[in-house]
Amino acid sequence: MIPRVHKRGQRTIGLLYYLYGPGTHEEHIDPHLVAAWDPLAPDPGRDLNATYADLQQQLDMPVQALATSRRPKNHVWHLSVRAAPEDPVLSDEQWGDIARRMVAATGIAPDGDDAGCRWAAVRHADDHIHIVATLVREDRRRPRLNNDAARAQAEARLIEAEYGLKQLNTGDGTAARRPTSAERHKAEREGRERPAREELRETVRQAVAGATSEKEFFDRLADSGVLIRTRTAPSGDLLGYTVALPDDRNHIQEPVFYAGSTLSPDLSLPRIRKRISGNTDAPTSGADTSPDQATPLKPSGPATARRRATTAVWQALLVIDDGRDAAVAAQIAAAGEVLDSLAQTSATHTRTQLRDAAFAFERATRSHVQAERGHDRALREAARDLVHSGPALGRGEDGATTAMLIDMAFFLVTAAVHWHAKKNHAQQAAAARQAAEHLRTAYLAAASAPLGVLYQRGRQLSQPLRHKQAARLRAAVPQLAERILAEPGWYTLAATLTDAENAGHDPGALLAEAAERRELDTADSISDVLVWRLRRLADLPADTTTMPSSSSTTPARTASRTATPATVRGEGPNKAR
């Protein structure tokens, strides 16, 4: 159940006309009262003799009783309460009870207070009601509405539990503004995948991902095709910006512009400047230097950029596990930039899921824990490198390193889930879980071909060589070895250990290093995790299609249509529980 306190107004009659009218897109059906301060209040929806003016005059009576100088300027209070899509259709009696509980909880008409404000609850759809109230009590005093939005949310959680409705997470005021009903209906009418507000939020986030200057940010925005307006001071200094989709027009065919701050709190120009420049008091050495002090990365291809990003994500994971809150918040925010960059540069077969992962994770990038900029340098550089390396192919080394990066990103997002949960950031934790599900699906699509090749090569290893690699595994991770040996993915790991040995590495030492850096026993496929870690640590090709056989047996076959280790058992990709 989603309560929303709207901006206060001055005209009670205007709001009533909207609530009882047909709606912006003829979506209002059978408008009528379900509850009011007085059971005998006029209902223009069901009583042919009642008018909007009758209801307005009775609602406004306490306001009109005051001297003009004492009347509040914005005396109209408006709360909408919407059920979740999964909830059953509630009756008028149930909505009436919910309305009475909401006006009591928010301070409009407290329980047992006969001198509360006048109010009326109008229902014009199956899934929501609107409550209109006037902000002068019967005793001519003002209501106490401190934190009315938070109190409405708290009451909604109680109502959900008592009515058996979907339990939503209470917000903390850091979420991006949701599209309005009018924006959603407009998107549906025009056949848009998402409302313009959400499309623009995604576009601006992608433009700022890894950007190192305002010029780069605005150049990327312009290249995306959106319309841009800037606001400058008399001195010529830039104060802000607004953006619009070229084909999103209002009723007089003018573009509908949105300020960055109304798309998301962290997309205002001052917040973007802070992100680009870093904090002046941030550490100035090693991986924690601020972005403006960083040496620009040399241009690289998509595969190289993905390897670098995988390393940066790994380093961020270690910070999230053991770092200070401010540093962790910075890493999680920058991880959102990596996902934004990965989504816009990946191949078609993974792009939709990666885009959905980035869209979901956006909510997890903000909380009341202030991010200490400068700690995010490595991830922001990785995001920029992904963008500048250009689109990746869905096959070969590009495709395989995409799987490698998604695998590591999944662990980072899962770590973000745990961190937010410990901080009681319910919405952020839920958003990160949703992002992880999309990453899981994207991983399956990306990893199928490269792991399929490794699986076949592992199956073709000679039995003595497989026994040799199994002995190394038991020595490196004795507590997990038998589980790994029972996984179909063991063949991919055996092939990787052989590749590492052929490249001059000590497989046992490399395996021990890969295993000790972070826990493994919460992964569904430990083999997958170790394969990608080993191939990254040993700088082995992620795609082995063209590599010679790891033994003197029959050369490895191309496995674009062979089963992957995960699909042998019908499992999902590597995931943390």
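Predicted model: local features only at pLDDT ≥ 70, side-chain atom pairs only at ≥ 80, totals over all residues.

Me: Which helix gives the most to the lining of the second largest pocket?

Reply: The lining has 16 residues, with Arg-271, Arg-366, Gln-370, Ala-371 and Arg-373 nearest the pocket's centre. Two helices, α9 (269-277) and α11 (325-345), each put in at least two residues. With three residues, the top contributor is α9.

Me: How many charged residues does that pocket lining have?

Reply: Split by class, the lining of the second largest pocket has five nonpolar and four polar residues. The charged ones number seven.

Me: On to the cavities: which element gives the most to the lining of the largest cavity?

Reply: There are four cavities of 30 Å³ or more, and the largest has a volume of about 80 Å³. Its lining includes Arg-201, Glu-202, Arg-205, Gln-206 and Asp-340. Elements giving two or more residues are α6 (196-208), α11 and α12 (348-361). The biggest share, four residues, comes from α6.

Me: And the second largest cavity: which class of residue, nonpolar, polar or charged, makes up its lining?

Reply: This cavity holds about 60 Å³. It's lined by Val-313, Ala-335, Val-338, Leu-339, Phe-361, Leu-379, Ala-409, Leu-412 and Val-413, with α11 and α14 (396-422) giving two or more residues each. No polar and no charged residues turn up there, and the nine lining residues are nonpolar.

Notes. Residues numbered from 1 in each chain as written. Heavy atoms only, no water. 1 Å grid on protein atoms, 1.4 Å probe; cavity = no way out; pocket = protein on both sides within 12 Å on 5 of 7 lines; lining within 4 Å. Nonpolar A, V, L, I, M, F, W, Y, C, P; charged D, E, K, R; others polar. Points joined across faces, edges and corners; volume = space filled by probe spheres on them.
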